[in-house]
Amino acid sequence: MRSARVAGGVTIEVQDSGPGIPSEMQPYIFDRFYRQDISHSTPGFGLGLPIARLIVERHGGRLEMESQPGEGSLFRIVLPL
(Lines give C-alpha, C1' and ligand atoms only; values in the text may rest on other atoms or scores of the structure.)
Protein backbone atom coordinates (compact mmCIF):
# COMPACT_ATOMS: atom_id res chain seq x y z
CA MET A 1 0.00 0.00 0.00
CA ARG A 2 1.25 3.47 -0.90
CA SER A 3 -0.12 6.92 -0.34
CA ALA A 4 0.93 10.29 -1.68
CA ARG A 5 -0.23 13.85 -1.60
CA VAL A 6 -1.03 15.16 -5.09
CA ALA A 7 -2.24 18.53 -6.32
CA GLY A 8 -5.41 19.20 -4.36
CA GLY A 9 -5.77 15.71 -2.97
CA VAL A 10 -4.36 12.42 -1.84
CA THR A 11 -3.82 9.13 -3.64
CA ILE A 12 -3.91 5.70 -1.99
CA GLU A 13 -2.74 2.68 -3.99
CA VAL A 14 -3.11 -0.99 -3.15
CA GLN A 15 -1.31 -3.47 -5.38
CA ASP A 16 -1.20 -7.25 -5.41
CA SER A 17 0.80 -9.83 -7.33
CA GLY A 18 -2.12 -12.18 -7.93
CA PRO A 19 -3.43 -13.56 -11.22
CA GLY A 20 -4.77 -10.20 -12.42
CA ILE A 21 -8.13 -9.57 -14.03
CA PRO A 22 -8.69 -10.62 -17.65
CA SER A 23 -9.21 -7.61 -19.92
CA GLU A 24 -12.65 -8.80 -21.04
CA MET A 25 -13.84 -8.79 -17.40
CA GLN A 26 -12.33 -5.43 -16.37
CA PRO A 27 -15.26 -3.26 -17.54
CA TYR A 28 -17.60 -5.14 -15.18
CA ILE A 29 -15.71 -5.40 -11.89
CA PHE A 30 -17.47 -2.36 -10.38
CA ASP A 31 -20.95 -3.67 -11.34
CA ARG A 32 -23.09 -4.88 -8.45
CA PHE A 33 -23.23 -8.68 -8.11
CA TYR A 34 -20.58 -9.20 -10.80
CA ARG A 35 -18.16 -11.97 -9.94
CA GLN A 36 -15.09 -12.99 -11.90
CA ASP A 37 -15.51 -16.52 -10.55
CA ILE A 38 -17.99 -17.89 -13.11
CA SER A 39 -18.47 -21.14 -11.15
CA HIS A 40 -19.31 -19.11 -8.00
CA SER A 41 -17.10 -21.33 -5.87
CA THR A 42 -15.47 -18.32 -4.15
CA PRO A 43 -17.47 -16.88 -1.22
CA GLY A 44 -19.02 -13.46 -1.65
CA PHE A 45 -21.82 -11.59 -3.34
CA GLY A 46 -19.95 -9.31 -5.74
CA LEU A 47 -20.66 -6.17 -3.72
CA GLY A 48 -17.26 -5.21 -2.26
CA LEU A 49 -15.88 -3.15 -5.15
CA PRO A 50 -19.21 -1.46 -6.01
CA ILE A 51 -19.64 -0.40 -2.36
CA ALA A 52 -16.03 0.81 -2.16
CA ARG A 53 -16.48 2.85 -5.34
CA LEU A 54 -19.71 4.39 -4.04
CA ILE A 55 -18.08 5.42 -0.76
CA VAL A 56 -15.12 6.99 -2.57
CA GLU A 57 -17.41 8.83 -5.01
CA ARG A 58 -19.60 10.13 -2.17
CA HIS A 59 -16.45 11.73 -0.77
CA GLY A 60 -15.81 13.46 -4.09
CA GLY A 61 -13.14 11.03 -5.24
CA ARG A 62 -12.70 8.23 -7.69
CA LEU A 63 -11.64 4.58 -7.57
CA GLU A 64 -9.47 3.37 -10.43
CA MET A 65 -8.11 -0.03 -11.38
CA GLU A 66 -5.22 -1.24 -13.53
CA SER A 67 -4.66 -4.93 -14.09
CA GLN A 68 -2.48 -7.14 -16.25
CA PRO A 69 -3.38 -10.84 -16.39
CA GLY A 70 -0.58 -12.82 -14.78
CA GLU A 71 0.93 -9.71 -13.15
CA GLY A 72 -1.61 -8.59 -10.55
CA SER A 73 -3.85 -5.59 -10.04
CA LEU A 74 -3.51 -2.03 -8.77
CA PHE A 75 -6.42 -0.19 -7.17
CA ARG A 76 -6.07 3.56 -6.75
CA ILE A 77 -8.26 5.82 -4.62
CA VAL A 78 -8.00 9.53 -5.40
CA LEU A 79 -9.63 11.86 -2.87
CA PRO A 80 -9.75 15.65 -2.69
CA LEU A 81 -8.35 17.33 0.42
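Visitor: What should I know before I start?

Guide: Residues are numbered from 1 along each chain as its sequence is written. The model is predicted, so local features need pLDDT of at least 70, side-chain atom pairs count only at pLDDT 80 or more, totals for chains, interfaces and linings use all residues, and side-chain values use heavy atoms, with hydrogens and water left out.

Visitor: How many salt bridges does a search of the whole structure find?

Guide: Side chains of opposite charge can pair when their charged atoms come close. Here a salt bridge means a side-chain nitrogen of Lys or Arg within 4 Å of a carboxyl oxygen of Asp or Glu. The search finds 6.

Visitor: Which parts does the salt bridge of Arg-76 and Glu-13 tie together?

Guide: Their side chains meet at 2.8 Å, N to O. Arg-76 lies in strand 4 (residues 72–80) and Glu-13 in strand 2, so the pair links parts 63 residues apart in sequence. Strands are DSSP runs of E, at least two residues, numbered from the N terminus.

Visitor: Are Arg-76 and Glu-13 buried or exposed?

Guide: Buried means under 20% relative accessible area, exposed over 50%, partly exposed in between (1.4 Å probe, protein chains only). Both are buried: Glu-13 has 15% relative accessibility and Arg-76 has 16%.

Visitor: What does Glu-64 pair with?

Guide: Glu-64 forms a salt bridge with Arg-62 at 2.6 Å and another with Arg-76 at 2.9 Å. Salt bridges that share partners join Arg-2, Glu-13, Arg-62, Glu-64, Glu-66 and Arg-76 into one network.

Technical notes:
Helix = DSSP H or I, 4+ residues; strand = E, 2+ residues; numbered from the N terminus.
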